[in-house]
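Look at the structure first, then read on.

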Amino acid sequence: MPAGRKRLPTKFHILNGTDRPCRRNEYEPTPEEYADIPKPPAHPSKSAKKEWKRMSKVLYASGLLTQLDFSQFAIYCQAWGRLVDAEKKIGETNMVVKTSNGNPINNPFMNIANTAMRDCRKFLSEFGMTPSSRTRIKVENAAKKENKFLNNGIHQQAI
């Protein structure tokens, strides 16, 4: 039986302007947002930490990085770090290397890079960091947020 389309969090629907109370999951967890941007875990590579510092600011500002997302975001950054490190190794050697018998084969770092690329693509979509996944969300600027109900045409009716 096909699983169908993944459900989007209510936060995405609110940001996109497609929130409908009748479609909400009343039992959806609403994680507390960080008081500040979280620090990266200690174990990732330098490339992964660099990506953490770069993207955590963007996701935090959009309200898409919460305590529940910490592990998923750490996994994305680790996959990104592997991709960067593998691509550096490929650049230092070649895409094709020779075995001990002198036979040409694909550089083993190509497999690491390709796997990391696939993993990154999945996580990028989860966090709305691809062109197609970004079409599902809309982040309003501060001026519009203050007058959210007036800007959306929702007014109190006169009694």
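F70 is partly exposed, with a relative accessible area of 25%. Buried means under 20% relative accessible area, exposed means over 50%, and partly exposed lies in between (1.4 Å probe, protein chains only). W52 is buried, at 2%.

## About the model

This is a predicted model, in which local features need pLDDT of at least 70 and side-chain atom pairs count only at pLDDT 80 or more, while totals for chains, interfaces and linings use all residues. Residues are numbered from 1 along each chain as its sequence is written, and side-chain values use heavy atoms, with hydrogens and water left out.

## Aromatic pairs

The whole structure holds four aromatic pairs. Rings of Phe, Tyr and Trp (its six-membered ring) pair if their centres lie within 6.5 Å; planes under 30 degrees apart are stacked, over 60 edge-to-face, and the rest tilted. W52 and F70 have ring centres 5.4 Å apart and planes at 70 degrees, so this pair is edge-to-face.

W52 sits in helix α2 (residues 46-61) and F70 in helix α3 (residues 70-92), so the pair ties together parts 18 residues apart in sequence. Helices are DSSP runs (H or I, at least four residues), numbered from the N terminus. Ring pairs link W52, F70, F73, Y76 and F127 into a cluster.

## Cysteines

How many disulfides are there? The count is zero. A disulfide is a pair of cysteine sulfur atoms within 2.5 Å. The sulfur of C77 has its closest cysteine sulfur in C120, 8.8 Å away, which is too far for a bond. C77 is buried, with a relative accessible area of 2%. C120 is buried too, at 3%.

Definitions and conventions: Helices (H or I, at least four residues) and strands (E, at least two) are DSSP runs, numbered from the N terminus.
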